[in-house]
Amino acid sequence: MKKFLSLVIAAMAICPSVFAAEVAEAEAAAEAAPQQSTVEKILAKMPKVSGYLQTGWNYTSNDKATSSSFQAKRLRLIVDGNVGSKVSFRLQIEAFNGIAGSTNGNGQKNIQVMDAFATWAPLDAFKIRAGQFYTPLGYENYDISPATLETVDFSNIVYRMACRNPYEYNLVDYGRDLGVMFMGDVGDSGKGFKYFHYDVALTNGSIPCKDDTNKSKDIYLSATIRPFKNFNIKGTFNWGEYTSTKLAGGTGAASTVEGAANKYNPMTRCVVGAWYNDPNGIDIRGEYGFMNSKVKGEKVVEERGAYALVGYHAGKWLPVIRWDMYKDNINPLSANNYNRILLGCTFQPIANVKVQLNYGLSLYNKDVETALGYNKHHQIQLMGLFKF
């Protein structure tokens, strides 16, 4: 008992000195750390402003016409901020919007709201997003941006399916919609990634920045499975009902069947794909998508698309080759029916700058050739992208 009491007394004598030493060490570390000024503290709480400019030269040629022009392809301004500890927001503006029908009277590009949404993230496995956001249809519309894309332009799965609604706006837009989305990541691998990601969205299904044209809403169901590092499989299903509209940029599709109201035209979109991307090695991605609609038994929309991309990260260089195809069975004579081969290379000298050189060859079948007057189309793009 005396030995025990002696140990307790000794411990009580040592503890204050140990505690005092730890406090002194913490105070010394705090004094050594750089102190934020009032201005720095204010700036730390302000929204983060970023963006990028994509500009360069574009050349196209076929048997009918040739074009050579410098282009201001994209100018994005992005504002990210926090409303609270678990609520964030994003605003993204496109200053060089050149969507058909949306330019000014002189044909000049104008400003367009891309993203305007808030996200509540109480858990990694459960988040809610509300506002105008990019829909989860495919990799290139959701998981990739122009700032991270391996080529200058996206595949036609994005331009014709995710960024276009044949009924509401038969023109290429930005793959955005107004609504609410539930999403999350579950299944911790212990290796820095989650095994499963999901997105469930309810949106207007109409042209972005405008109210819905009917009472029906779009439904998106999307799942991404990551069985191991750098590889995932993704599938997205979308269903909605749409109103045939006529805009300056393009007239929406409509049923020719007598008695068709063309107010609640049903349409299904689906995109599935797989992607392996080693940041220090090979990059392989492929997707297949379709878009179908029947009104009173009549096929009004029937389109298919696919692409396969192979690249290799070699330090500051990323050479790529991509095969891209699209088929519109309702409009078989359209130039959107093609097979295209793209050869390209990206050079990224520093983190915020990349230069891309792409050559694309589009090939058309006999029917399209007869309608267009040529059977192939060449394109060369030399673009620089500068982030800030």
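This is a predicted model: local features need pLDDT of at least 70, side-chain atom pairs count only at pLDDT 80 or more; totals for chains, interfaces and linings use all residues.
Local features need pLDDT of at least 70 and side-chain atom pairs count only at pLDDT 80 or more, while totals for chains, interfaces and linings use all residues. Residues are numbered from 1 along each chain as its sequence is written, and side-chain values use heavy atoms, with hydrogens and water left out.

User: What volume does the largest cavity have?
Analyst: On a 1 Å grid over the protein atoms alone, a cavity is a set of points where a 1.4 Å probe fits but cannot get out, and the search of the whole structure finds one cavity of 30 Å³ or more. Grid points are joined across faces, edges and corners, and the volume is the space filled by probe spheres set on the points. For the largest cavity this volume is about 80 Å³.

User: Which strands each supply at least two residues of the lining of the largest cavity?
Analyst: Lining residues have an atom within 4 Å of a grid point, and those of the largest cavity include Thr 135, Tyr 169, Arg 176, Asp 218 and Arg 269. By class the lining has three nonpolar, five polar and four charged residues, where Ala, Val, Leu, Ile, Met, Phe, Trp, Tyr, Cys and Pro count as nonpolar, Asp, Glu, Lys and Arg as charged, and the others, Gly among them, as polar. Strands are DSSP runs of E with at least two residues, and helices are runs of H or I with at least four, numbered from the N terminus. The strands that each supply at least two lining residues are S6 (176-188) and S8.

User: Which elements give two or more residues to the lining of the second largest pocket?
Analyst: A pocket is an open set of points with protein on both sides within 12 Å along at least five of seven lines, and about 460 Å³ of space lies in the second largest pocket. Its lining has 16 residues, with Asp 143, Thr 224, Arg 226, Asn 232 and Trp 275 nearest the centre, and the classes are six nonpolar, five polar and five charged. The elements giving two or more of these residues are helix H3 (139-142), strand S8 (218-228), strand S9 (231-242) and strand S12 (265-277).

User: Which residues do salt bridges that share partners join into one network?
Analyst: A salt bridge is a side-chain nitrogen of Lys or Arg within 4 Å of a carboxyl oxygen of Asp or Glu, and the whole structure holds 14 of them. In one of these, the closest N and O atoms of Arg 285 and Glu 140 are 3.3 Å apart, linking strand S13 (residues 282-295) to helix H3 across 145 residues. Through shared partners, the network joins Glu 140, Glu 150 and Arg 285.

User: Are Arg 285 and Glu 140 buried or exposed?
Analyst: Buried means under 20% relative accessible area, exposed over 50%, and partly exposed in between, with a 1.4 Å probe and protein chains only. Arg 285 has a relative accessible area of 1% and Glu 140 has 2%. Arg 285 is therefore buried, and Glu 140 likewise counts as buried.

User: How many residues apart in sequence are the parts that Asp 80 and Arg 90 tie together?
Analyst: The side chains of Asp 80 and Arg 90 meet in a salt bridge at 2.8 Å, N to O. Asp 80 counts as partly exposed at 23% relative accessibility, and Arg 90 is also partly exposed at 23%. Because Asp 80 lies in strand S2 (residues 66-82) and Arg 90 in strand S3 (residues 87-97), the pair ties together parts that are apart in sequence by 10 residues.

User: What area does the nonpolar surface patch have?
Analyst: Patches are made of residues with over 30% relative accessible area and no salt bridge, with like charges joined within 9 Å and nonpolar side chains (Val, Leu, Ile, Met, Phe, Trp, Tyr) within 5 Å. Among the residues of this patch are Phe 182 and Leu 202, partly exposed at 32% and 44% respectively. Accessible areas come from the Shrake-Rupley method with a 1.4 Å probe, and the patch has about 850 Å².

User: What is the phi of Lys 296?
Analyst: Lys 296 is found in the loop between S13 and S14, and at 58% relative accessibility it counts as exposed. Lys 296 is a residue other than glycine with a positive phi, and the value is near 50°.
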